[in-house]
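Visitor: Before we look, could you take me through the terms used here and show how each one is applied?

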Amino acid sequence: MSQVTMTVNGKTATGDVEGRTLLSQFLRENLNLTGTHVGCDTSQCGACVVHVDGKAVKSCTMLALEAEGADVATIEGQAAPDGTLNTIQQAFQDHHGLQCGFCTPGMVMSAAALLKDNPKPTETEVRDYLEGNICRCTGYHNIVKAIMAASGQDVSSIAAE
Amino acid sequence: MPKDHGIGASPKRREDIRFLTGEGNYTDDMNVHGQAYVHFLRSDVAHGRIVNVDTADAAAMPGVVRIFTGDDFADVGSIPCGWLVTDRFGEPMQEPAHPVLAQGKVRHVGDPIAAVVADSLEQARDAAEAISVEIEELPAVVDMASALQDGSVKVHDDLKNNLCYDWGFVEENRDAVDAAIKGAAHVTTLELRNQRLVANPMEPRVAIGEYSRSTGEHTLHTTSQNPHVIRLLMGAFVLGIPEHKLRVVAPDVGGGFGSKIFHYAEEAFCTFAAKAVNRPVKWTSTRSEAFMSDAHGRDHVTKIELALDADNNFVALRTDTMANMGAYLSTFSTSVPTWLHGTLMAGNYKTPLIYVNVKAVFTNTVPVDAYRGAGRPEATFQLERVIDKAARELGVDPIALRRQNFVTEFPYATPVAVEYDTGDYVATMDKLEEIADLSGFESRRAESAARGKLRGLGVNCYIEACGIAPSNLVGQLGARAGLYDAATVRVNATGSISVMVGAHSHGQGHETSFPQVVADMLGIDADMIDIVHGDTSKIPFGMGTYGSRSLAVCGSAMVRATEKIIAKSKKIAAHLMEASDADIELKDGQFTVAGTDKSVAWGDVTLAAYVPHNYPLEDIEPGLEETAFYDPANFTYPAGAYACEVEVDQETGKVTIERFSAADDFGNIINPMIVDGQVHGGIGQGIGQALLENCVYDDNGQLLSASYMDYAMPRADEVPFYAVDHSCQTPCTHNPLGVKGCGEAGAIGSPPSVVNAVIDALQSGGHDVTHIDMPVSPSRVWAAMNQ
Ligand code: FES
Ligand code: FES
């Protein structure tokens with residue numbers, strides 16, 4: 001066991017981990033931040049996406065020890081302290097961009113990273129960017145729509161919610 | 001009644017808040033104090049005799065609590081199959097035992113041999129590696145046709161052969177169908193495979209067993225679509241635990257699509273082991289484990305023949321199917337290729353004579369069971385593909401051929417035993433032509449051609465049977481359970497309401513849509529109503545969510561219970577206003593005496609029920625809580641028409657979906673936003689089946705597509721925006737809401753239109769291709785073009 005310390009959602013977090021402990025495991029088990037989900041074991045699904053030092057990272061591809069000293073943001077830190085959803089979260093609710101909710105934390109975190117780099121993505125750019133995030137419920141229609149709406153684009157001409 | 005809350009409104013989903021903020025409570029998010037972890041040691045061969053399992057070294061490893069093998073389960077019941085199918089000779093199906101941990105033999109890759117319970121998951125895994133297993137490998141049987149040959153290796157030594165059943169439907173029609181096909185002006189024949197799929201809800205399965213020695217109570221937290229069904233199957237058939245000592249909880253569940261209906265060995269194991277080691281026991285499936293332990297879907301090989309007269313009227317239909325059961329019979333496996341498939345073979349058409357034969361086959365593969373649509377996608381795909389092929393052979397427009405043969409009068413009794421209550425297939429086809437802009441297709445085809453691409457248009461119809469099902473009917477057909485549902489409406493003193501429902505929401509948004517119904521009936525704000533589901537200790541009973549049944553069956557129970565609430569509260573209101581209860585009207589949350597200005601509010605009545613100072617205690621009991629069980633009178637029959645436009649790249653064979661349109665008739669709609677979402681998701685999965693997904697075994701029974709590296713899930717860049725419409729509404733006539741169900745339509749209706757479109761594209765390019773099996777991958781398309 002070794003000790004690891006990082007900043008998670010603005011607070012210092014410390015824990016004892018094995019060398020093989022993944023960042024996703026550390027967040028879920030040591031910190032009880034269970035909003036970060038694990039949907040696969042081959043780094044293919046994106047349910048575990050968090051931000052590490054401002055970049056979207058699949059937290060199942062990173063060892064907890066590798067995040068020593070890093071600034072980590074998870075889904076739990078996205079809403080305002082009073083619970084108000086951020087723009088992307090709100091757009092997901094407004095446009096029914098989630099059903100079972102399992103892929104959702106990863107989708108929201110990926111979308112946030114996309115919009116930081118590309119504030120007005122086209123449909124194709126959104127779809128390409130989400131290539132690493134699988135959703136089995138929504139057929140992606142409302143996810144893409146929600147992200148475009150969150151970027152301030154008018155999505156009213158896109159068929160049904 | 002605020003119009004943004006009631007029936008027909010699309011309020012935002014209340015469950016979204018917890019899911020969007022990471023506050024969902026999925027089973028793996030739970031940790032019970034003192035829990036131990038399970039790791040299953042699974043077979044890496046498809047078929048073999050277990051010679052020896054030596055756990056001595058492993059048991060001595062750090063943290064190991066106990067190691068279980070098949071011997072520990074020798075006296076434990078078999079995991080039951082929920083549906084007894086009778087074959088066409090009147091004999092019951094062959095039904096093998098399905099042990100929790102393998103007994104003597106392993107029969108598919110992934111079959112659990114032993115389970116290590118340890119203080120940590122890592123310790124359990126490490127110890128499992130130290131178990132020494134000696135297996136005498138046997139030849140595996142993977143291909144269904146080979147499995148049916150005389151002298152084939154047997155999956156189960158104690159059965160006669162690998163044939164589970166040979167089912168004929170309707171057996172009495174067999175000769176008449178043969179004669180009609182022989183005498184027909186034209187017969188179109190198509191052989192196809194409806195490939196094996198893996199449901200792949202994004203949340204892998206999890207089970208946490210707990211046991212209290214002081215009370216003798218077992219608790220199982222599990223990723224289930226139907227906790228009461230798990231309690232019934234596991235309690236009564238496997239472990240022998242009476243209902244009052246077994247609580248099953250399915251909290252937030254991350255999608256199911258059928259794969260979380262079934263009772264699985266891991267659930268029984270964790271429940272059993274928690275008592276044996278006197279500690280909570282938790283198992284979390286990895287995705288790799290899910291591929292070899294979640295029940296798979298589809299896997300039919302079919303020959304279909306459609307006979308037409310000289311005027312292109314359908315006169316007879318005959319289909320022969322081999323349906324893969326895998327190595328064991330999963331919960332609903334036997335009903336899927338029979339009663340959920342054969343009964344749908346009439347589709348939207350008035351074909352007078354139909355005969356369906358299904359041979360269900362055991363192989364050394366993972367068990368196969370219901371996956372979104374369950375039997376209906378298989379029926380729809382073959383029927384809508386053969387109709388398209390017939391249209392091409394006859395040189396007629398595929399839409400016109402369908403229209404000509406539509407059922408147009410309702411109720412309509414099909415030759416395959418079911419009666420459609422309502423529908424309007426002309427209206428949905430008209431609507432489809434409009435929303436898909438079919439009149440603009442030729443110019444879009446020209447645009448594609450200008451870019452060197454072949455554009456194709458595929459159209460199909462579908463019908464499905466939802467709202468399973470009348471219990472007396474399914475009982476006659478072999479179901480080993482009733483298929484009603486239940487709801488309790490608990491009105492509190494202040495007028496707020498908890499509704500305990502047997503349906504389970506794992507993405508469907510019941511917590512939002514169900515209150516809309518009650519709010520509408522009572523005329524109160526939906527925010528005063530909460531839905532409670534997923535816990536056998538909190539809800540009266542229920543058969544759960546599958547087969548698009550939640551609203552049609554459980555919603556109906558909720559309506560009946562609410563009607564009882566209204567009847568009782570009118571009596572209370574009548575007493576308060578000194579009027580006759582026959583004169584009481586309830587509107588917008590106010591009780592009034594007809595023709596007067598006397599009124600009392602909803603909250604006055606509910607308070608009186610709990611503070612019965614001025615109350616007719618001699619006539620009615622205090623309190624305001626009612627339960628109803630609802631058993632449907634018939635299935636419901638959603639139907640629709642779908643259109644797909646594809647582009648085919650002739651260089652690579654790659655197919656892209658350019659447009660996809662769906663016109664559905666779901667009867668009445670409670671929440672249009674949620675319905676749209678259900679259709680989108682179904683279409684996404686249907687496109688996945690048509691173009692991408694394929695669960696593949698090699699001849700030795702090794703699972704080749706065992707992770708997302710090899711099993712191609714549809715991703716955002718492989719699907720377009722969809723145009724969906726459900727404005728054609730012919731309400732169901734036999735349930736109180738007039739609803740039909742919308743959960744599976746997209747997955748049922750979409751695969752044939754995609755394949756029809758690809759064939760259309762290829763033929764438009766001069767390629768003589770009449771069929772390509774799904775998934776229509778670039779290599780298959782390329783091969784078809786260059787054959
Ligand atoms: S859990 Fe990290 S990509 Fe699937
Ligand atoms: S909402 Fe269920 S996986 Fe995306």
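Guide: A residue is called buried if 20 or more other C-beta atoms lie within 10 Å of its own, exposed if 12 or fewer, and partly exposed in between, with C-beta atoms placed from the backbone. Helices (H or I, at least four residues) and strands (E, at least two) are DSSP runs, numbered from the N terminus. This is a predicted model, in which local features need pLDDT of at least 70 and side-chain atom pairs count only at pLDDT 80 or more, while totals for chains, interfaces and linings use all residues. Residues are numbered from 1 along each chain as its sequence is written, and chains are lettered from A and ligands numbered from 1 in the order in which they are written.

Visitor: Why is helix 18 of chain B called largely enclosed by the rest of the structure?

Guide: Of its 20 residues, 18 are buried, so helix 18 of chain B is largely enclosed.

Visitor: How do you know that the span of helix 18 of chain B agrees with what it should be?

Guide: The expected span is 1.5 Å times one less than the number of residues; for residues 745–764 of chain B that should be 28 Å, and the end C-alpha atoms are 29 Å apart, which agrees. Helix 18 of chain B is followed by B:Gly766, with a positive phi near 85°.

Visitor: What makes strand 3 and strand 11 of chain B edge strands?

Guide: Two strands pair if DSSP finds at least two bridges between them. The open sheet of seven strands in chain B has the order 3-5-1-12-9-10-11, with mixed pairing, and strand 3 (64–69) and strand 11 (246–249) of chain B each pair on one side only.

Visitor: What makes strand 1 and strand 12 of chain B a pair?

Guide: Strand 1 (residues 36–42) and strand 12 (residues 281–284) of chain B are joined over two bridges, in the parallel sense, and B:Tyr37 has B:Lys282 of strand 12 as its bridge partner.
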